Amino acid sequence: MAHPRITRRGALAAGAAFAATLAAPRVSAQARARLVIVGGGFGGASSARFARDAFPDAEVTLIERSRRFTTCPYGNLVLAGMRSIEQITFGYEALARRGVRVVHDEVTAVDAAGRTVRLGGGASVPYDRLIMSPGIDLRWGAVEGYTAEASARMPHGWVPSLQPITVLERQLREMPDGGVFIMTIPANPFRCPPGPYERISMVAHYLKQAKPRSKVLALDAKDGFSKQPLFMDGWRELYGPMVEWVGASNDGRVMSVDPAALSVTTEFGQTHRGAVVNVIPPQMAAKVARDAGLADQSGWCPVKAGTFESALVPGIHVIGDASIAAPMPKSGFVASTHGRQAVAAAMALIRGQAPPDPVYFNTCYSHVGTNYGISIVGIFRAEGDRFVEVPNSGGISPRNETMTPERRAEQRRLEALYADGWYESITREMFGLA
Amino acid sequence: MRARTKPGTLRGCVTAGGVVAAMLFGVAGEAASQGTAQATSGDALRVALVTGGCTGCHGATGEGGHGIPSIAHTKSQAEFIAVMKAFRDNQGSPTVMNRISRGYTDEELVVMAVRFARPN
């Protein structure tokens, strides 16, 4: 097993940097390191919380246009009827009480040369280092016919700030028994790799109780997906023929949609009509990051593996879903660990010190049914300019056949519980509630 | 050991960080439980970074919840490290911790123990 270790020099440097922070006399407000964070999701809010706790002398500003943040995680449980949207919506008041300067405004431009962020309200916010956690935009038109207007009739439910999950929820509730719920799923990379498959599960969970003659038809642009064997075992076990997943090799790739007809057409010309059509379209880094020149031709933002500093624009760190950080998934949990490392690296670089060695961590739980949870774990490090997963670690929950029936039930029950615990812990920490 | 501050806070980690300081500078071996070396503030930062994955599930203070066990000073440092190592070999009926513990170095397990375990 690879065990990269912190070097003595790295340890001393990091220590000295932190000691210097604490010892620095506060001559004037200008002398304080100015850390500005754009985007108040899992990456940005976690960064702000961490920066506030770990660097008491830094000036920490969080810029987020919305006053309330609805999480993507657990949105699928709203579809299942297991959570309300209020239960997955948070504010920034507690972060502000902890000393984070929270600014609710739109970022209209980033001036990397002048180290300034311009806001819609007209103000400029200077920074020593900028951390961007901008999230994603949807590629309208990448699936022919799928425009912003079309998304009202065929909801994506993938970016809560663009469209609350309740739009899709309402359509699901109004769907007649016997209807087909169609979901289209994009190729990699996209936000939350297990998310569509948890959604299939949660929709089926609802349909099984409320509309048992209905069906979920998932049309996928890929042949494989996250936690695939576990999801497929779970669907077979819990929902039987109610769930049908079609991969790319079986003509699952959807090329165009017709919102008026509520139909989708695949690569080889099959047209499927649904009672509800949930289009999860291809994605890219959010506009604010692309406009700042942080994205490459792929639409995503290349970064340095040890610091998450942009490979294209110095002084700006890009974390979370917008960054190119494979083999790490685009998940909320891993974004929070990007954020902590980016903050620590930014502070070290402001002070001319060596950034600490990173360790990035992810666990994604998915709900498949009642008392039925599964997970994937990954621990990642920087190796030169690449991210690498620590060999012989992480991976998915055990398959059914590797466990006794009793142990299997317990494993699935515990992981469903742990998912709830994870959600509560991470949201409480990132929004400063605990 | 100097007088400890409130368990679970970063300040508490700085105090307990003597163990880590001793580790990093080669004074003591793993699970050194009576570290008396002067902790530096850099240790606190390293503790916070290495344990960033732990708090995502176990909470900022390690208190757990929804079936996730509390790790807030429920074990001595030596016990904490022993349990984490046993998880690597699937001992103790692990659900996710076997997959997690294999991703961290022995030294990082000590760093985690500094934050979450009792000094003795």
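Leaving aside its neighbours within four places in sequence, which residues is A:F190 in contact with? In this predicted model, A:F190 is in contact with A:P282, A:Q283 and A:K330, where two residues are in contact if their C-beta atoms, placed from the backbone, lie within 7 Å. Local features need pLDDT of at least 70, side-chain atom pairs count only at pLDDT 80 or more, and totals for chains, interfaces and linings use all residues. Residues are numbered from 1 along each chain as its sequence is written, while chains are lettered from A and ligands numbered from 1 in the order in which they are written.

A:F190 is found in the loop between β11 (180–185) and α7 (195–210) of chain A; helices (H or I, at least four residues) and strands (E, at least two) are DSSP runs, numbered from the N terminus. A:F190 counts as buried because it has 23 C-beta neighbours inside 10 Å, and a residue is buried if 20 or more other C-beta atoms lie within 10 Å of its own, exposed if 12 or fewer, and partly exposed in between. Although A:F190 and A:S331 are 141 residues apart in sequence, their C-alpha atoms are 9.6 Å apart in space.

Chain A is divided by an automatic or database domain assignment into domain 1 (8–65 + 105–135 + 286–357) and domain 2 (139–283). The C-alpha centres of domain 1 and domain 2 of chain A lie 35 Å apart, and 5 residues of domain 1 of chain A are in contact with 5 residues of domain 2 of chain A.

The largest nonpolar core has 149 residues, a nonpolar core being a set of buried Ala, Val, Leu, Ile, Met, Phe, Trp, Tyr and Cys residues joined through C-beta atoms within 7 Å. In soluble globular proteins, nonpolar side chains tend to be buried together. Helix α10 (residues 332–350) of chain A gives the largest share of this core, 10 residues, and both domain 1 and domain 2 of chain A give residues to the core, so it lies between them. A:L35 is one of the residues with the most contacts inside the core; not counting residues up to four places away in sequence, A:L35 touches residues including A:A51, A:Y127, A:I131 and A:V343.

Where chain A and chain B meet, the contact takes 36 residues from chain B and 45 residues from chain A. On the side of chain B that touches chain A, α3(B) supplies the largest share, 9 residues.

The secondary structure of chain B comes to 7 helices and 0 strands, and of its 120 residues, 53% count as buried. The mean pLDDT of chain B, the predictor's confidence in each residue from 0 to 100, is 77, with 65% of its residues reaching 70 or more. Confidence in chain B is lowest in helix α1 (residues 10–16), at a mean of 40, and highest in α6(B), at 98. For the complex, the predictor gives an ipTM of 0.91 and a pTM of 0.89.
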